[in-house]
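The following exercises ask the reader to work through a structure step by step.

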Amino acid sequence: MAPHERARPLSRGSVKPARDLCSECGLCDTGWVAYVRNACAFLTQGFDRMEERAHGRRRDLANDDELYFGVHQRMLTARLQAPIEGAQWTGIVSRIGVRALESGLVDAVLCVQQSPDDRFTPVPVLARTPEEVLAARVNKPTLSPNLEVLQQLPGSGIRRLLVIGVGCQIQALRAVQDTLPLDELYVLGMPCVDNVSRRGLQTFLESASRSPETVVHYEFMQDFRIHFRHSDGSEETVPFFGLDTPNLKSVFAPSCLSCFDYTNAGADLVVGYMGATFGRQWLVVRNPRGQQLLDLVEAELDTAPVTSQGDRRAAVQQGIEAYDNAVKLPLWLAEVVGFVVKRFGPRGLEYGRFSIDSHFTRNAIWVRRHHPDQAERHIPAFAKAIISRYRLPD
Ligand code: FAD
Ligand code: SF4
Ligand code: SF4
């Protein structure tokens with residue numbers, strides 16, 4: 001009998017071995033908690049092993065694109081020709097989920113719907129119909145226990161599964177993949193940073209938006225502004241550089257301040273926006289299984305090659321110091337800085353590198369200060385190589 005079969009199903013709120021670093025990925029709420037020591041992204045850093053297992057090789061650290069964006073065979077930008085109403089961007093992720101079911105590639109899609117009482121409270125499901133996948137569209141920008149629904153697999157009749165998720169969820173999933181009662185597993189990942197608990201989200205919305213109670217959707221976009229959509233359909237944009245950094249420093253979850261899996265290294269296909277120009281989505285095909293997922297929708301996409309423009313490095317170095325000193329700019333100055341950066345700043349893949357550099361340096365400082373004994377083994381080699389390009393405060 002395998003360890004996860006011996007383990008009793010657990011309920012939410014059970015013990016989390018990663019303690020304060022736990023991202024609530026959901027694994028510990030299943031029988032697969034038996035594998036937590038090796039599976040948890042915050043207890044064991046296993047990027048090399050995961051990449052070899054999922055893609056047949058580790059990323060090539062001498063290749064700058066792989067150093068930053070992980071193992072891949074193809075990168076492109078795209079938009080759905082017929083965007084899905086209410087999706088986070090144009091809805092490529094939901095459309096792939098729908099097509100995976102309709103084409104018979106999989107029996108179910110693991111995705112995240114929302115609580116009927118609160119738009120931002122995630123409810124993971126094993127969706128069996130296109131309608132159930134579409135009901136999961138749009139980000140729930142809070143920690144989501146996606147993997148808890150693995151507990152429903154035994155006896156469900158599901159043998160082929162598409163999992164949609166962010167990096168920490170996918171790291172744990174890959175670690176237990178061989179023990180799951182499945183014949184086929186496809187993984188559609190999204191990049192992810194700066195996630196928050198539901199309470200942290202409230203603090204963020206109250207600090208950043210003029211009307212926190214009516215926000216239904218938001219995104220940090222490539223024009224260096226946060227775009228909030230309100231329930232009356234209106235849009236509000238706020239410059240990144242005007243955020244209340246002193247107040248927001250404690251909002252992000254500790255898991256996310258110690259996370260180096262921004263671009264979702266273990267997924268077969270990644271769909272985000274950070275390597276694309278404003279308004280487009282960014283796709284990273286990591287392996288043939290990822291291409292199989294993209295094949296489901298490629299004819300419905302308006303695609304274009306990735307591009308890269310500008311030089312991020314001075315802006316990243318200045319940002320490290322400003323963040324560390326918790327500088328808050330007055331709004332007029334934030335608008336001016338935002339205008340200049342938008343006009344002359346990094347675009348396309350260079351914007352992606354700007355965001356990775358900014359988050360990896362911030363997170364390395366956080367881990368070294370808060371968990372000095374774990375920093376050396378927790379920070380992966382690719383992140384160390386990126387961080388070494390900058391001057392970091394102690
Ligand atoms: P949709 O068709 O709207 O589908 C969204 C999918 O997201 C749904 O299938 C749903 O199951 C899933 N989902 C929603 N909330 C969660 C959650 N909390 N955990 C796991 N899965 C969830 N992209 C970047 O390029 N840079 C970023 O910094 C970045 N940060 C992100 C942070 C979070 C918390 C999330 C969830 C996503 C982030 N993304 C980021 C991805 C990006 O915002 C879009 O989700 C992605 O481009 C897909 O857009 P879409 O319109 O195709 O998605
Ligand atoms: Fe368990 Fe996931 Fe939390 Fe790690 S992050 S302790 S695997 S629930
Ligand atoms: Fe998980 Fe990292 Fe996203 Fe936090 S930032 S939810 S740890 S993938």
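**Exercise 1.** Determine whether Arg-353 is buried or exposed in this predicted model, and identify the residue with which Glu-350 forms a salt bridge.

*Solution.* Begin with accessibility. Arg-353 has a relative accessible area of 10%. The cut-off for a buried residue is under 20%, and Arg-353 is therefore buried. Glu-350, with a relative accessible area of 5%, is buried as well.

Next, consider the contact. Glu-350 forms a salt bridge with Arg-353, and the closest N and O atoms are 2.8 Å apart. Their positions in the chain explain the arrangement: both belong to helix H14 (residues 349–370), and because they are 3 residues apart, about one helical turn separates them.

Finally, widen the view. Glu-350 and Arg-353 belong to a network of salt bridges that also links Asp-64, Asp-65, Arg-312, Asp-357 and Arg-389. A search of the whole structure finds 26 salt bridges.

**Exercise 2.** State which residue meets Glu-24 in a salt bridge, and classify the accessibility of Glu-24.

*Solution.* The side chain of Glu-24 meets that of Lys-16 in a salt bridge, with an N to O distance of 3.2 Å. Side chains of opposite charge can pair when their charged atoms come close. At a relative accessible area of 34%, Glu-24 is partly exposed, whereas Lys-16 counts as buried at 14%.

Lys-16 is also one of the residues around ligand 2. Others around this ligand include Cys-22, Cys-25, Cys-28 and Cys-40. By type, the shell around ligand 2 divides into 9 nonpolar, 2 polar and 1 charged residues.

Asp-311 forms one with Arg-313, the closest N and O atoms being 2.9 Å apart. Asp-311 is partly exposed, with a relative accessible area of 46%.

**Exercise 3.** Explain why strand E2 (residues 108–115) is described as largely enclosed, and identify which strands pair with E2.

*Solution.* Start with burial. Of the 8 residues of E2, 7 are buried, so the strand is largely enclosed by the rest of the structure.

Then examine the pairing. E2 and strand E3 (residues 118–127) are antiparallel and share 7 bridges; a hairpin of 2 residues connects E2 to E3. Strand E4 (residues 160–166) runs parallel to E2, and 3 bridges join E4 to E2.

Leu-110 illustrates both pairings. Leu-110 stands opposite Leu-126 in E3 and opposite Val-163 in E4.

**Exercise 4.** Find where Arg-19 and Phe-224 lie, and decide whether each is buried or exposed.

*Solution.* Consider the backbone before the accessibility. Most residues other than glycine have a negative phi. Arg-19 is not a glycine, yet its phi is positive, at about 45°. Phe-224, likewise not a glycine, has a positive phi of about 65°.

Locate each residue in turn. Arg-19 lies in the loop between helix H1 (3–6) and helix H2 (36–39). Phe-224 is placed in the loop between strand E6 (215–220) and strand E7 (225–230).

Lastly, apply the cut-offs, under 20% for buried and over 50% for exposed. Arg-19 has a relative accessible area of 67% and is therefore exposed. Phe-224, by contrast, counts as buried because its relative accessibility is 1%.

Notes:
Residues are numbered from 1 along each chain as its sequence is written. Chains are lettered from A and ligands numbered from 1 in the order in which they are written. This is a predicted model: local features need pLDDT of at least 70, side-chain atom pairs count only at pLDDT 80 or more; totals for chains, interfaces and linings use all residues. Side-chain values use heavy atoms; hydrogens and water are left out. Buried means under 20% relative accessible area, exposed over 50%, partly exposed in between (1.4 Å probe, protein chains only). Helices (H or I, at least four residues) and strands (E, at least two) are DSSP runs, numbered from the N terminus. Two strands pair if DSSP finds at least two bridges between them. A residue is near a molecule or strand if one of its heavy atoms lies within 4 Å of it. Ala, Val, Leu, Ile, Met, Phe, Trp, Tyr, Cys and Pro count as nonpolar, Asp, Glu, Lys and Arg as charged, and the others, Gly among them, as polar. A salt bridge is a side-chain nitrogen of Lys or Arg within 4 Å of a carboxyl oxygen of Asp or Glu.
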